[in-house]
Amino acid sequence: MTALFTNRRDAGLRLARRTGEYLRARGGAQPVVVGLAPGGVAVAAEVARELAAPLDVVVARALNAPGNGTPLGALADEAPPVLNRRAMRGLGLGEADLEGEMTHQRVELHRLEKLYRDRRPPLPVDGRTVVLVTDGVVYGPVIPAAVQALRGRGPDRLVLAAPVCDAREAAALRRVVDALLCLREATYLHAVGPWYDDFRDVTDREVAVLLRQQPVRR
């Protein structure tokens with residue numbers, strides 16, 4: 001397969017054009033751009049820069065089954081966890097069995113938020129258009145957890161934007177967001193990396209730097 005994007009910056013620039021077209025068609029609302037850490041922030045930074053919009057971050061953490069690491073859900077912000085209860089039943093687990101994992105991941109989530117924001121408070125999104133940006137949509141609970149957390153903060157409109165999406169997941173997510181902007185939908189997309197020439201990991205320090213360099217805070 002030939003890669004579609006050079007790197008996350010290239011993907012962000014292309015996604016910014018699509019997002020700008022969408023916003024202009026709906027009256028030119030000034031959005032808050034929120035990157036899903038870590039990789040989504042590198043894409044979101046370009047979207048925010050091109051749109052002259054404020055940039056923030058959302059952290060979502062996967063919840064894994066004790067002992068075998070099977071992904072069973074995710075959590076973000078202070079919102080309730082998103083759980084795959086069918087998979088939990090298959091393993092004979094209840095929510096109480098994940099309490100230790102949820103506590104651990106909530107602590108790690110708060111640590112990363114403090115690191116990324118450098119003591120800055122989250123940007124207010126109540127009554128505003130929020131564009132949640134990720135570097136790709138594949139099967140899993142992390143993006144739904146981020147969507148749920150942001151929805152709970154009262155935005156007027158919640159838009160999910162991604163360079164590449166699994167078509168089945170895109171269809172499911174369209175039911176919980178106001179719009180999904182995807183540059184390329186693919187059938188049976190199991191990994192995002194092959195769609196990029198350069199898909200190196202985005203470090204925690206790079207996320208913090210991208211957020212600090214973003215001059216627009218409103």
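Contact here means heavy atoms within 4.5 Å. Helices (H or I, at least four residues) and strands (E, at least two) are DSSP runs, numbered from the N terminus. Axes are lines fitted to C-alpha atoms, for helices over the stretch in contact, and angles run from 0 to 180 degrees between N-to-C directions.

This is a predicted model, in which local features need pLDDT of at least 70 and side-chain atom pairs count only at pLDDT 80 or more, while totals for chains, interfaces and linings use all residues. Residues are numbered from 1 along each chain as its sequence is written, and side-chain values use heavy atoms, with hydrogens and water left out.

Two strands pair if DSSP finds at least two bridges between them. Val131 has Val159 in strand 7 as its bridge partner.

The axes of helix 1 (residues 8-25) and helix 2 (residues 39-51) come within 8 Å and cross at roughly 50°. The two helices are therefore oblique to each other; angles under 35 degrees count as roughly parallel, over 145 as roughly antiparallel, 65 to 115 as roughly perpendicular and the rest as oblique. Helix 1 brings residues including Leu13, Ala16 and Leu23 to the contact, and helix 2 brings residues including Ala42, Val43 and Val47. By class, this contact has nine nonpolar, four polar and four charged residues. Ala, Val, Leu, Ile, Met, Phe, Trp, Tyr, Cys and Pro count as nonpolar, Asp, Glu, Lys and Arg as charged, and the others, Gly among them, as polar.

Three strands form it, open and in the order 3-4-5. Strand 3 and strand 5 (82-83) are the edge strands, each pairing on one side only. Helix 4 (residues 99-117) packs on the sheet and touches strand 3 and strand 4, its direction making about 160° with that of strand 3. Helix 5 (residues 142-151) lies across strand 3, strand 4 and strand 5, and runs at about 30° to strand 4.

Strand 3 (residues 60-64) and strand 4 (residues 71-76) pair over five bridges. Ala60 has Ala76 in strand 4 as its bridge partner. Six residues lie between the strands of this hairpin, where Gly67 takes a positive phi near 95°. Strand 4 and strand 5 pair over two bridges, and Gly73 is partnered by Leu83 in strand 5.

One covalent link remains. The whole structure has one disulfide, a pair of cysteine sulfur atoms within 2.5 Å. Cys165 and Cys182 form it, with their sulfur atoms 2.5 Å apart. The torsion about their S-S bond is about 130°, so the disulfide is right-handed. Cys165 lies in strand 7 (residues 157-166) and Cys182 in strand 8 (residues 179-186), 17 residues apart.
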